[in-house]
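User: I have a model open and want to go through it quickly. Can you take my questions as they come?

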Amino acid sequence: TKENSNGASATPLIVKPPPPSQEQQQPSVWAKNVQLSTFGLLIALFTSFSKDHEAIRTNGFFGGYDRIVVLVVSLQAFGGLVVAAIIK
């Protein structure tokens, strides 16, 4: 999706450290991950509610989820944890 491609292209810019400077302390990888995930979450929530606000209000945010959807979401979350472990 568009959000995934934006996140994939922004990740190297956020994670890759700039040239070292004695005066400025760089944020940790954890802090950078929090910044990136917060930005992505805000975009995803705005998009969800702007396009499907009636369905979300009627069925709830997780309305229509079945076992396959939960499996795919879980695999994506696990993949994110693996990437975080590799980067660290």
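User: How many salt bridges does a search of the whole structure find?

Analyst: The search finds one salt bridge. A salt bridge here is a side-chain nitrogen of Lys or Arg within 4 Å of a carboxyl oxygen of Asp or Glu. This is a predicted model: local features need pLDDT of at least 70, side-chain atom pairs count only at pLDDT 80 or more, and totals for chains, interfaces and linings use all residues. Residues are numbered from 1 along each chain as its sequence is written, and side-chain values use heavy atoms, with hydrogens and water left out.

User: Which residue does Arg57 form a salt bridge with?

Analyst: Glu54. The closest N and O atoms are 2.6 Å apart. Both residues sit in helix α2, three residues apart, which is about one turn of the helix.

User: Is Arg57 buried or exposed?

Analyst: Arg57 is exposed, at 61% relative accessible area. Glu54 is partly exposed, at 44%. The cut-offs: buried is under 20% relative accessible area, exposed is over 50%, and partly exposed is in between (1.4 Å probe, protein chains only).

User: Which residues of α2 are buried?

Analyst: Lys32, Leu36 and Ile56. Across the 88 residues of the protein chain, 5% count as buried.

User: New topic. What is the overall pattern of the chain?

Analyst: It reads α-α-α, with three helices and zero strands. Helices (H or I, at least four residues) and strands (E, at least two) are DSSP runs, numbered from the N terminus.

User: Where is the kink in α2 centred?

Analyst: On Asp52, and the kink is about 95 degrees. The bend is the angle between axes fitted to the seven residues ending at a residue and the seven starting there.

User: What does α2 span between its end C-alpha atoms?

Analyst: Only 37 Å, for residues 29–59. A straight helix of 31 residues would span 45 Å. That expected span is 1.5 Å times one less than the number of residues.

User: What comes just after α2?

Analyst: Gly60, with a positive phi of about 85 degrees.

User: Now the surface. Which residues make the nonpolar patch?

Analyst: Leu41, Leu45, Phe49, Phe61, Phe62, Tyr65, Val70 and Val73, covering about 740 Å². Patch residues have over 30% relative accessible area and no salt bridge; nonpolar side chains (Val, Leu, Ile, Met, Phe, Trp, Tyr) are joined within 5 Å, like charges within 9 Å. The largest share, three residues, comes from α2.

User: And where is Phe62?

Analyst: In the loop between α2 and α3. Phe62 is exposed, at 57%.

Terms used
Areas by Shrake-Rupley, 256 points an atom, 1.4 Å probe, with all protein chains shown as cover.
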